[in-house]
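Hi,

Here's the structure I promised to pass on.

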Amino acid sequence: MTNTVPPEPLTHIPPDWVTISDYQREFCRRLPADIVAYVLGNTTLQDSNQAALQNLSWQPNVLTVPNLQQAIRLCNPHAAVPVDISVQQPLFVSPVAYHGLYHPDAEHATALACQVTASSCIWSSLANTPFDALLSPCGAQTRTSQCYFQAIQWYWQIAPDNLTQPNIAPILRHQRNRDYNQQLLQRWLDKDRANLPDFLVITIDAAHSGVRDFARRMNVQPPPHITTPNLPPQPVITDLPTLLANTPNWDDIAWLVVHCPVPVLLKGILRPDDAKHALAIGCAGVVVSNHGQRVLADSVAVAQVLPSIRQAIPDAIVLADGGVMSGSDIAKLRALGADMVGIGRAVTYGLALAGALGVAHVLRLLQEEWQITAALTGEHGLVAKNRLGGSTKTA
């Protein structure tokens, strides 16, 4: 990606772009091949998340009037930091790295789109824009009119001393990493800050960036002008033993939760027992996600595991992302147990093609599709197809 430049963004939306599939088609047609390979990644061959959603159909009751109240309550009074906020609608922007790769306004364009559509957002620690420039002056927990939440996502960082002294005792290595991550996060998580985020979202499913065949074939690397101001400069670490030795464990996350002034969500949960463990150490909830298949291509689809995770933690916050291409997909994941549903790749499509206007249009399309689907189904009556042409009720 060092020598490729996205096309000039459009200043208007073509009238025949009416679905996320339209945006995806144009993204693949207009963007350089290496950027397309980076974004689509392992889903180029098969998007298991989308396939799982496509295997679900609606069988709604008729002559009923569903409750169309859109406000979504995110509540967990038992978390280490209790939370009880309401947001306007169930769509949020998942953490996506390198918005500057797709548009010169980078995350600023996405932030503007989120504001005008009242969409919640989780900002990636690999953003090209400082968190300070993205977080509103006050969070959802202190706003009198709560419309959307803002959160920051964090990858566990390795303390520099652990790279220069790799053979130290494990207990010291883990404590160094704990102190280092707390020190880095303190910049945005000082409890006296006016723009404190509503959540800290810790991604825990990417100890290694994974095997990304299409990106490897094209030697995809971020260009030099794509910087990550929210992270300290560090060498790229590819040595697997070093990465694994410094991967956080449950005790590390529990320590950080205790020392964090905002509610914590763990992202990358795919098992009910892990979801229960997250709550046991004080997390407010989880984000059910397989990293868009970017890290582990053959990971289980989110729609397959979401019901069991919701059953395991019925009173906690459950967010989910993975494979969403329509408002119906949002309603399906909601019916399976998610409080809110995130999109990632669709945001990059809109951003690359038309900047803030494109992202806002993508968000609005999905919001309107979800509203119609919810009105027609009440987000109930979901059935799974089987290979014989029949169906099994799932939600």
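**What I found**

Let me start with an alanine: Ala118 is buried, because its relative accessible area is 10% (buried means under 20%, exposed over 50%, partly exposed in between, with a 1.4 Å probe and protein chains only). Ala118 also has a positive phi of about 55°, although it is not a glycine. You'll find Ala118 in the loop between H4 and strand E5 (120–123). Helices (H or I, at least four residues) and strands (E, at least two) are DSSP runs, numbered from the N terminus.

Before going further, the ground rules. This is a predicted model, so local features need pLDDT of at least 70 and side-chain atom pairs count only at pLDDT 80 or more, while totals for chains, interfaces and linings use all residues. Residues are numbered from 1 along each chain as its sequence is written, and side-chain values use heavy atoms, with hydrogens and water left out.

**Overall picture**

The protein chain has 13 helices and 13 strands. Of its 395 residues, 55% are buried. Take the contacts (heavy atoms within 4.5 Å) with a separation of 6 or more: residues 24 or more positions apart account for 74% of them.

Eight of the strands are worth a look as a set. A closed barrel of 8 strands, with parallel pairing, runs E4-E5-E6-E7-E8-E9-E10-E11. From one strand to the next, the twist averages 30°; the angles run from 0 to 180 degrees between N-to-C directions, with axes as lines fitted to C-alpha atoms (for helices, over the stretch in contact). Strands count as paired if DSSP finds at least two bridges between them. E4 (residues 91–93) and E11 (residues 340–343) pair in the parallel sense over 3 bridges, and the partner of Leu91 in E11 is Val341.

**The annotated histidine**

Where does UniProt place the feature "active site"? The record, an unreviewed entry, puts it at His291. UniProt positions are given in the numbering used here, feature names are shortened, and annotations may be inferred rather than shown by experiment. His291 is in the loop between strand E9 (285–288) and helix H11 (302–312). Is His291 buried or exposed? It counts as buried, because its relative accessibility is 12%.

His291 also has a side-chain partner: a polar contact of 3.4 Å joins it to the side chain of Tyr155. A polar contact here is a pair of N or O atoms within 3.5 Å; within protein, one must be able to donate a hydrogen and the other to accept it, and residues adjacent in sequence count only if both atoms are side-chain atoms. Tyr155 itself lies in strand E6 (residues 150–155). Tyr155 and Asn181 are 26 residues apart in sequence, and their C-alpha atoms are 9.2 Å apart in space.

**Two helices**

H12 (residues 327–335) is largely enclosed by the rest of the structure, because 9 of its 9 residues are buried. Among them are Lys332, Arg334 and Asp329, in case you want to check those side chains. Ser326 caps the N-terminal end of H12, with a side-chain oxygen 3.3 Å from the backbone nitrogen of Ser328. After H12 comes Gly337, whose phi is positive, near 135°.

In helix H1 (residues 20–30) have a look at Asp22, which counts as buried at 11% relative accessibility. The Asp22 side chain reaches the backbone nitrogen of Thr19 at 3.1 Å. Leaving aside neighbours within four places in sequence, Asp22 is in contact with Asp16 and Trp17.

Tyr98 is another residue other than glycine with a positive phi, near 60°. Tyr98 is in the loop between E4 and helix H4 (106–117) and is buried, with a relative accessible area of 14%.

How many disulfides does a search of the whole structure find? The count is 0, where a disulfide would be a pair of cysteine sulfur atoms within 2.5 Å. For Cys260, the closest cysteine sulfur is in Cys283 at 9.5 Å, too far for a bond. Cys260 is buried at 6% relative accessibility, whereas Cys147 counts as partly exposed at 23%.

Cheers
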